[in-house]
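Visitor: I am new to this structure. Please show me how to read it, one feature at a time.
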Amino acid sequence: MSEVRRWHFGAFALWEAGPRLEHDGQPVRLGSRAMGLLVALVGRAGEVISKDELLAAVWPDTVVEEASVRVHMSILRKALGPPGAQDGCLEWIANIPLRGYRFLGRVHCEFVPSAVSAQVTHVSRDTPTGLPARFSRLVGREVEIERLLGMLAANRLVTVAGPGGVGKTSVAICVAARYRERLQAQVGFVDLAPLTSQDHVLTTMARAVGVRGGVSDIEEAIVQRLEGQAMLLLVDNCEHVIERLSPLLGRFLAALPGLQVLATSREVLRVGGEHVFRLMPLAVQQAAPGSLAHALLSPAVQLLVERAEAAGARGFDDASSGPLTRICQQVDGIPLAIELVAARLGAQPVSDLAFRLDDHMRLHSTARRAALARHRTLAATLDWSVGLLGDAELLLFRRLSVFRAYFGIAAALSVAASALDPDVASDALLNLASKSLVVYDTDQAADSPYRLLDTTRSYAHLLLEQAGETDAVSKSHALFMLDLMGIASADLAALDADAWTQRYRGCLDDVRAALDACIGHHDDMTIAGALAVASAPLWFRLSEVSEYRDRVRAALDHVDALKVPDRLMAGRLEIALYNALWHTGGTVAEMTQACERALACALEFKVKTLEFQARWGLCALNITRGAYTPALRHAEILREFANHSTNAVTRNLSHRMLALASHFCGAFAEARAHAEAAADVDDAIRRNHANAFQPDARTTAMAILARTLWIQGESRLAMATAIRCMEEAEALGHALSLCVALFWICPMALWAGEQRAARAWIDTMLQQTQSKGFAYWHDWALCYDDAMKLDEVDDAGAHIDAVAAKVLAMDEPRREMMVTFCDRWIDDDLVARAMRGEGQWSAAEVCRAAGRRKELRGSDAEAEALYLQAQALAHSQGAFAWELRAAGALEGLRARTSQR
C-alpha cells in the first residue's frame, strides 16, 4: 500500500497528495497555484526558496511574470491568517529581500497510508480503440509532426496545447499514425470530447484500451491490461476533465514503463514529466503576394484553396492571390476557421468573401452536418471552451476583447478592476492562458506577452456586448492606453529610437480602437482628446502621421460640437494638428490658424506650456513664409519663458528658435551663439517627448551653425561642421532630421564651390524628400539642384533663363536663396523687400545682384551705390562672405570704369 506525506503546522494539516489543506479538520479552500506554493514552502520549511524555484515548481509549463508569485503569495497569507502565540513565529511566510521566501512555522512531517488500496481483479480484454480515419490531407504541418515525433522519442508524456480550432486533434492523429508506422507500435485513442462529467473519464479510458466494463477496480484493470506492453495512448480533448485525468495519467505512467501518452488540450495537464508543444495557427504571409504561386507558399492559403476546391470552388488565379491571403489573415490562420470559410467559396467569389469577411460569426451556418457537433461552427468550438470557465475567468475573457494587440498583466487587471480583485483577476488571466483562450507568446516582450487571436476576440467581444459592458470596459481600456502613452512619452528620454519603437509599436492598434470607441461615445471626448495628444510620439515614430492628422481633426470636430466645448483640450489638439500638418504638407494658412487658436487658448487659461508650444509653431511658420521679424519676436518671448524655467529641454528649444530667427534676421553673431548653445545637448534632451515631432535638436543646431559660420567668413570651420553634421544626421536614420540638415548645408557647399560635396548632398536630399513625401523640403532640393546645374549644363545661359522664369513663381524665402546662387535671378519685388528691411539674411546679396543688374544696363553710378550699400550692410551684420562678394563686385565695376 502506497504512502503519502502529510505536514502539520499550527492547527493546519497539509497533504502532499491532492494537495489538500485542513484547519482543525475543516478543509481550507485555496487555488491550485497558492496550494502549490504552500507545498513548496512547507516541504522545505526554514529554507529560503527563490522566486525562480517557486515559478518552476508551481508554473512548470507556463512562462509567467514574477508578479504572479506575489499575487498568489498574498492569497496564501490571507488564507493562513496570523500564527498563534504557540506557533513560534510572528508570520507564517517571510519575504527575504532579493532572495525569495521562507516558511517560518514549526513543521512536523509524517507518512500516512494512501486512502485507496490496490485491488487486483480479473480483466477481460478487447482490442484498443484505433485512431480515427482522416478524410482529407493534413496541410502545412510537416515540421510540427516531425518535432512531436522527436519529442515522443525522448519523453513519455507530450501534450499538444493550443486554442480551439487550431488543429490539435488532426496533428496528434497524424503523429500517432506515423509513430505506429515507424515503430510498429500499438496505439490507442481516447476521445474525451463527448464527456460532460469527470466521473466518466476512467470508464472511457478503460474502453479505449480494451478493458470491458463490470470490473470492480477499473484503474487496476487498466494497469493489468497494459502491463508489459508498449503502447502510445492518444488522449484527445483533455481540458474539461483535467482534475480527474491528470492524477490518473500520473499513476498509469508510474505503473506502466511501456506506456507513452500523447495528449491534446487547451490547458497543460500539470503531470510530472509532461513536455508541452504549443501548436500555433498556420503561417500566412503578411505582405501582399504577387501571384497565386507566391500565395500558395503560405500553408494557410494552401489549406484554404484545397478545401475550397473540395467544396466545388474553381478558377483561382493570380488575381485571387490577394483575397485568398487576406481571408487567411482575417481568420488568423486557424485551420477550423479556414475550413469554414472554404465551404463558402464553393458558392461565393473569393473577392466578395474577402471584402465581406468582417464578422466571423456569420460563417457558422456553413459547416458540414457530418462534422462533430462542436466542430460544426467556430462559434460552437468557442461555446464549448467558454462553457467550462468560472465566473471570474468568463468576465475577464470577455473584457479582454477590447485589446486589439498584445497586452500584459497590468492591462488585463485594468479592464477588470471594477469587478474583480487584482488577485482573482491575475489568477483568471493565468488560467485563460493555460486553457489557450488567451495566447501566451514567448517571442513577445516580457511585459506584454498575451493576446487574443482575432477570431477568439470577436467571439469574446460578442459576449461583452451581450453583457452590456461595452461602453464601461472601452472607457477603462482608453484610460489604460492614456496612462501607457504617458509612460511611453517619458521613455523617449530613456530609450534610443529603435528600442522605444520596438517596445511601443504594438500599441498602435489599441490606441486606434480606444480613440474610435471614445469618439463614438461623446461623453468620453475629454479622454479621446487627451489620448490623441499623448499618443502623438507613437504615430510619428511609426510614420502614420497622415492618419494621425485625420484623427486629430475628427477629435477637434467632436470636441467643438460638445454642448460645453472643452476649449483647453481643443487648444492642445490644435498644436497636435499643427505638428501633423507640418509633416504632411499642410498649408501655411491652416498651420498658422491652428497655432493662433492654440495661443488664444493658452493665454485664456494661462497655460504656459501650451503658450510655449504655440509660439514655437508660430515662430517656425513665420520663418517659412518669410516673416522673420515676427518670428524673432516670438522667439524672444520664448527666451523669457526659458529664462524662468529649470527645464533643459525648454532652454534648448529656446536657443534653437533664437538661432533660427536670428539667422534669417541677419543677426549672425546672435545666431551663432544660440546655435552653439543648442548644439551642446545630451541624448536625453534629444529624445525628450517635446522633441518627438521635430528634427533632431543637435544636428539641426549644427546645420544652422555651419551655414552661419560660412556667411561670417569662417569657411573651413563651416565645412568641417557641415561634414560632421551630415555624418551624425545619417547615423540617426531619421529622414526628417537628415533633410533639415541638408536644407541648411547644401547651399553652403554651393557657395563654397565644394562641387563634389554639393552634388552628393543635393542628390541625397532629392532622394530622401521624394521617397518620404516631404513636399516642402523637396521643393528646396529642386532649387539647390537648379543652382548646381549652373556648373554642369552645356548652355548655362539657357539654364539661367529657364530657372529665372521658375523663380518668379517661388515664394519669398526661396527667391531670397536663389539670388545668392545667380545674380540674374533677381526681381523688383525682392529688391523692394530688401529696401524695406526685410529678408535681412540675404539682403546684402540682393543689393549686390540689383547693382549688377544696374551695371549691365549701363547705370554705373546706381550700381556703385548698391554695391556700397551691400558692402556696408554685410559689414554691419558681420557677414564677411557677403561683404567680400560686394567688395569684389565694387572693385570690378571701378576697374571697368577706369578702363573706359
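Visitor: What do β1 and β2 form, and how many residues lie between them?

Guide: First, the ground rules. This is a predicted model, where local features need pLDDT of at least 70, side-chain atom pairs count only at pLDDT 80 or more, and totals for chains, interfaces and linings use all residues. Residues are numbered from 1 along each chain as its sequence is written, and side-chain values use heavy atoms, with hydrogens and water left out. Helices (H or I, at least four residues) and strands (E, at least two) are DSSP runs, numbered from the N terminus. Two strands pair if DSSP finds at least two bridges between them. Now the case: β1 and β2 form a hairpin, with 2 residues between them. G10 sits in the turn and has a positive phi of about 60°.

Visitor: How many bridges join β1 to β2?

Guide: 4 bridges join strand β1 (residues 3-9) to β2, and the two run antiparallel. For R6, the bridge partner in β2 is W15.

Visitor: What do β2 and β3 form?

Guide: They form a hairpin too, with 4 residues between them. In its turn, G18 has a positive phi of about 120°. The pairing of β2 with strand β3 (residues 20-23) is antiparallel, over 4 bridges. L14 has L21 as its bridge partner in β3.

Visitor: Which way do the side chains of a strand point?

Guide: In a regular strand they alternate between the two faces of the sheet. Take strand β2 (residues 12-15): F12 and L14 point one way, A13 and W15 the other. All four are buried. Buried means under 20% relative accessible area, exposed over 50%, and partly exposed in between (1.4 Å probe, protein chains only).

Visitor: What is the strand order in the open sheet of 3 strands?

Guide: The order is β5-β7-β6, with antiparallel pairing. β5 and β6 (93-96) are the edge strands, since each pairs on one side only. β5 is joined to strand β7 (residues 100-103) by 2 bridges. V48 has R102 as its bridge partner in β7.

Visitor: Where is G46, and is it buried or partly exposed?

Guide: G46 lies in the loop between α1 (32-43) and β5 (48-49). Its relative accessibility is 45%, so G46 counts as partly exposed. Contact means heavy atoms within 4.5 Å. Leaving aside neighbours within four places in sequence, G46 is in contact with R102 and F103. From G46 to I93 is 47 residues in sequence and 9.8 Å in space, C-alpha to C-alpha.

Visitor: Which residues of α16 are buried?

Guide: In helix α16 (residues 409-416), they are I409, A411, A412, V415 and A416. Seen down the axis of α16, these fall within an arc of 160°, so they line one face of the helix. The arc is that of the directions from the helix axis to the C-beta atoms.

Visitor: Why is α6 called largely enclosed?

Guide: Because 7 of its 9 residues are buried. In α6 these are V201, L202, T204, M205, A206, A208 and V209. Their cover includes β10 (186-191), α7, β11 and α8. After α6 comes G210, with a positive phi near 100°.

Visitor: What span should α8 have?

Guide: The expected span of a helix is 1.5 Å times one less than its number of residues. Helix α8 (residues 242-255) has 14 residues, so it should span 20 Å; its end C-alpha atoms are 20 Å apart, which agrees. Among the buried residues of α8 are I242, L245 and F252. Their cover includes β9 (157-161), α6 (201-209) and α7 (218-226).

Visitor: Which residues have the most contacts inside the largest nonpolar core?

Guide: A nonpolar core is a set of buried Ala, Val, Leu, Ile, Met, Phe, Trp, Tyr and Cys residues joined through side-chain atoms within 4.5 Å. The largest has 211 residues, and L400 and W882 have the most contacts inside it. Helix α34 (residues 735-752) gives the most to this core, with 15 residues. A second, separate core of 32 residues includes V209, L226, C238 and L259.

Visitor: How many helices and strands does the chain have?

Guide: The chain has 42 helices and 15 strands. Of its 900 residues, 55% count as buried.
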